[in-house]
Amino acid sequence: MAAMGVEERKAREAAFHDRAFSEETRQDLWSKDYRVVRASAQCYEDYLKSNCAGRRVLEYGCGVSSRSFLLADCGAAAVTGIDISPVAIERAAQRAKGNGRENVSFQLMDAERLDFPDDSFDLVCGTSIIHHLDLERAYSEVSRVLRPEGSAIFVEPLGHNPLINLYRRRTPHLRTSDEHPLRMGDLRTACDYFEAVSARFFHLQGLLAVPFRRTRAFDRILQALDAADQALFRIAPFAGRYAWQVVIELGRPRTTQRLPAPR
């Protein structure tokens, strides 16, 4: 019965993302209304640009707005994107073919059961992916496919802020029924699978810029509020749990903690 429940969850995730990736107007709305996350996205992309040259990279949950092409442009030796959504993989593969990218490939795959040998990648990356998964299974699989000197980076939503959680409850159409924004305990769980775990928090006061997102003053307001957030998190680290998003860096995978593959 438990196995059936897991498969039903994965089927719901695939169906939801197939619909989302097929709706151009929805993607346009998302990109306009989520400009407030610029700082966390820039932190993530800066890390990729600085750490991908000459390396084999796995994009974990690539979607259709894949960073795989950015990684290839920045010198990655080979980039593989995986996703549970057939629509995402089909569209990403078409884009790669149209751009003549020979070192970028995409595969339909279950992120909780990767079809790669141990120690396959130097870098694993993903945005808003692991909060859709069984966390221990996800951490275990990322640890397994990373080489001993490899690293991983993810941008994920947090689940402690009551106002953000209220917004989530009021917009169920923007998310799946099975996703679970991360909590601080979930970040600590990563320490069971990686010796090096660090987190940077983003978008608390910065959310006050949202009402101005269609005004000319938006960029200036957002920049000032993002700077205020980083100052706050330095002075009062506990405030980080109430942020909207976290950038998680993982390194030195623990091979002894890997879970056995599910049957």
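What pLDDT does the protein average? Hi everyone, the answer is 90, and 90% of the residues score at least 70; pLDDT is the predictor's confidence in each residue, from 0 to 100. Over residues 25-30, though, the pLDDT is below 50, and beyond near neighbours in sequence this stretch has eight contacts in the model (heavy atoms within 4.5 Å). Where pLDDT is low, the predicted coordinates should not be read in detail.

Some housekeeping: this is a predicted model, where local features need pLDDT of at least 70 and side-chain atom pairs count only at pLDDT 80 or more, while totals for chains, interfaces and linings use all residues. Residues are numbered from 1 along each chain as its sequence is written, and side-chain values use heavy atoms, with hydrogens and water left out.

Now to the cores. A nonpolar core is a set of buried Ala, Val, Leu, Ile, Met, Phe, Trp, Tyr and Cys residues joined through side-chain atoms within 4.5 Å, and buried means under 20% relative accessible area with a 1.4 Å probe, protein chains only. The largest one has 34 residues, and Leu58, Tyr60, Val124, Ile130 and Phe154 have the most contacts inside it. Helix 6 (135-145) gives the largest share of this core, five residues; helices here are DSSP runs of H or I, at least four residues, and strands are runs of E, at least two, numbered from the N terminus. Leaving aside neighbours within four places in sequence, Ile130 touches residues including Tyr60, Phe154 and Ile248.

Finally, helix 3 (residues 38-51). Its buried residues are Ser40, Cys43, Tyr44, Tyr47 and Leu48. Helix 4 (68-73) and strand 7 (245-253) are among the elements that cover them. Thanks, everyone!

Note on methods: The expected span of a helix is 1.5 Å times one less than its number of residues. Buried means under 20% relative accessible area, exposed over 50%, partly exposed in between (1.4 Å probe, protein chains only).
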